[in-house]
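Subject: Structure handover

Hello,

Here is the structure I promised to pass on. Have a look at it first, and then read my notes below.

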Amino acid sequence: MSVWRTKSIEASMADSLEKGHSLKRTLGTWDLMIMGVAVAVGAGIFSVGAKAAGSYAGPSVTLAFLLAAITCALAIMCYAEFASAVPVAGSAYTFTYATLGELLAWIIGWDLILEMLTAAAVIAKYWGIYLSEVFALWNWDVPATIPVFGLQVSWGAFVIVAVFTTLLVLGTKLSARVASIFTILKVAIVLFVIVVGAFFINPKNYTPFIPEAVPSTGGDGDVWMQSLFSFMTGAQPAQYGLFGLLAGASLVFFAFIGFDVVATSAEEVKNPQKTLPRGIFAGLAIVTVLYLGVSLVLTGMVPYTVLADDPNASLATAFISVGAGWAAQVISVGILVGLTTVIMVLLLGLSRVLFAMSRDGLLPRGLSVTSSKRGTPARVQIISGAAVALIAGFTDVGVLEEMINIGTLSAFVLVSIAVVVLRKKRPDLPRAFKVPFSPFLPILSAALCFWLMLNLTTLTWVRFAVWLAIGIAVYFLYGRRHSVVGIEAKRVFDDTLRDELIAEEKAALGKQ
C-alpha cells in the first residue's frame with residue numbers, strides 16, 4: 001500500500017471518541033494561555049538574548065526577537081487553523097497525516113519526538129544545575145550531581161521529571177493548575193527584572209543600533225560549526241550587520257519554541273474551535289512583550305561589547321556590570337522557576353505525540369491506552385518521563401540544544417504547507433479560525449522557518465539527517481506494516497477484490 005495514504009479528518013475525529021483510547025476535555029482558554037507562557041518563558045529569556053546581542057546582533061537583538069516572534073506567529077496561525085478544524089491529539093503529526101500522507105506524517109512525528117525529548121532532557125539537566133546555584137545563595141553546598149556506580153548522575157533532573165510525570169498521570173487539569181502558580185510567579189520575576197533594569201539604562205548603549213558587520217573570529221576554521229547557509233554559499237561567517245541580525249533571530253527563536261506543544265493538547269480542550277486560537281495567540285502576545293522588554297533593558301544597561309567579551313553572558317552579566325549583583329540572585333531564582341513549568345509542558349507534548357502515533361498503529365497500540373478514571377495516557381506518560389530522566393541524568397545534553405530548534409522548525413515548515421493543501425482538498429471543512437491572506441502567509445511562514453533552519457550549524461544538520469534515517473528505518477520495519485489506516489485500506493481492497501472475483505465467477509457461470 002502507498003506510503004502517501006492519508007487519514008481522513010472524520011477518521012481522526014472518530015478516533016478521539018474511541019473508548020479506552022480517548023482523552024478527557026478539561027482545558028479552557030486560560031489554561032492554554034498559561035501553558036504557552038509556561039513553556040516559552042524559561043531560561044532562554046535570561047540567557048539566549050545576551051548571547052545573541054553579544055555575538056551576533058548587538059542592540060538590534062530586539063529586532064531579532066521581533067523577527068523570531070513574527071515567524072512564530074505565522075506558523076502558529078497555521079497551527080491554530082488546523083487545531084480548530086481537527087481538534088485531536090498529535091499536533092503537526094495529525095495535521096500532516098490528513099494532508100501530505102503517512103510517510104511525511106511519520107517524519108514530522110519523529111521530528112516532534114526529537115524536539116520535545118531533547119528539549120525536556122536539556123531543560124531538566126539545567127534545572128538541576130540551577131537548583132544547586134539557588135542552594136548556594138543560602139550558602140548550602142548541595143552538588144548538582146551524585147556518583148552512582150562510577151557515573152555522575154544529575155539527581156535534580158530525576159526529581160523534577162518524576163514529580164511532573166506523576167502530576168500528568170493524575171490529570172491534565174491538575175497539572176495545569178500547578179503550572180499556573182509557577183507561571184504567574186515567573187512572569188512577576190521577569191517584570192521585576194525589567195522595571196529594575198530600566199533604572200540603569202544608558203541611551204548611548206543603543207548606538208550603533210545595528211553594528212557594522214565584522215568577520216567572525218576563526219569563522220573559517222570549523223566547517224561543522226558554520227551555518228549550513230555559509231557552508232553552501234562559501235560566505236564567510238560574520239558578526240553583526242544584517243546577516244548577524246538574521247543569525248541572532250535564528251538563535252533567539254529557541255526562546256519561542258513550545259507554542260506548537262500547546263496544539264498537541266487539542267483533544268483535551270473544551271470548545272476547541274474557539275478556545276485553541278484564543279489561548280495560543282494570547283500566550284504568544286504575552287511572551288513577545290516580555291521578550292522585547294527584556295532585550296531593550298539588557299542592551300540599554302551595558303554596551304553589547306561587554307556581553308561579547310563574556311562567553312557565558314546572561315542577563316545577570318548586565319546587572320553585575322552596573323553594580324546590582326543582588327538582582328543576579330533574583331534572576332537565578334527566576335531561571336529555576338521558569339524552567340520548572342517548561343519541563344511539565346514538554347513532557348505533556350511528548351506523551352501526546354507518542355499517544356497519537358500509537359493510536360494510529362505506527363507505534364505499538366498498547367501505548368495509547370488511557371485511564372478510565374482520569375482519562376490520561378498513563379503508560380506512554382511514564383515511558384516518556386523515564387526516557388527524559390535517563391537522558392538528562394546520565395548524559396551531557398549540551399550537544400543536543402540545536403536539535404531542539406531544527407525539530408521545531410521542520411514541523412513548522414510542513415504545517416505551513418499543509419494548511420494550503422487542506423484548503424484545496426477540503427474547502428468544505430468548518431474552520432473557526434482561518435489564516436488570512438492564504439496561501440501567501442502560509443508560504444511566507446514556511447520560507448521564513450526554512451531560512452532559520454539554514455542558519456543552524458552544519459553539524460546540527462548532519463545529526464538531524466541521522467535521526468531521520470533512523471526514523472525512516474523504524475517506519476518501514478514496523479509502522480508501515482501495523483498502520484491502522486493501512487490495515488483498513490488493505491481490508492477494503494481485499495473485500496473489493498473478492499467481490500469482483502465473485503462477480504466474475506457468477507458472470508462466467510451465467511454464460512455457461
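Helices (H or I, at least four residues) and strands (E, at least two) are DSSP runs, numbered from the N terminus. The phi of Phe437 is near 55°, which is a positive value in a residue other than glycine. In the loop between helix 17 and helix 18 you will also find Pro439, and the peptide bond from Ser438 to Pro439 is cis, with omega near 10°. Most residues other than glycine have a negative phi, and most peptide bonds are trans. Another cis bond runs from Thr207 to Pro208, with omega near -5°; Pro208 belongs to the loop between helix 8 (172–198) and strand 3 (214–215).

A word on the basis of all this. The model is predicted, so local features need pLDDT of at least 70 and side-chain atom pairs count only at pLDDT 80 or more, while totals for chains, interfaces and linings use all residues. Residues are numbered from 1 along each chain as its sequence is written, and side-chain values use heavy atoms, with hydrogens and water left out.

Back to the loop between helix 17 and helix 18: it also holds Arg426, while Glu10 lies in helix 1 (residues 9–15), so the pair ties together parts that are 416 residues apart in sequence. The structure holds seven salt bridges.

Next, the helix packing. Helix 6 (residues 102–137) and helix 15 (residues 325–359) have axes that come within 8 Å and cross at roughly 155°. Axes are lines fitted to C-alpha atoms, for helices over the stretch in contact, and angles run from 0 to 180 degrees between N-to-C directions. Helix 6 and helix 15 are therefore roughly antiparallel (under 35 degrees counts as roughly parallel, over 145 as roughly antiparallel, 65 to 115 as roughly perpendicular and the rest as oblique). Their crossing is left-handed, meaning that the near helix is turned anticlockwise from the far one by less than a right angle; clockwise would be right-handed. The contact of helix 6 with helix 15 has 27 nonpolar, five polar and one charged residues. Here Ala, Val, Leu, Ile, Met, Phe, Trp, Tyr, Cys and Pro count as nonpolar, Asp, Glu, Lys and Arg as charged, and the others, Gly among them, as polar.

Helix 6 also packs with helix 16 (residues 378–394), at an angle of about 50° and with axes 8 Å apart. That makes helix 6 oblique to helix 16, and the crossing is right-handed.

Helix 4 (residues 61–85) and helix 18 have axes that come within 9 Å and cross at roughly 130°. Helix 4 is thus oblique to helix 18, and passes helix 18 in a left-handed crossing.

Best wishes

Key. Salt bridge = Lys/Arg side-chain N within 4 Å of Asp/Glu carboxyl O.
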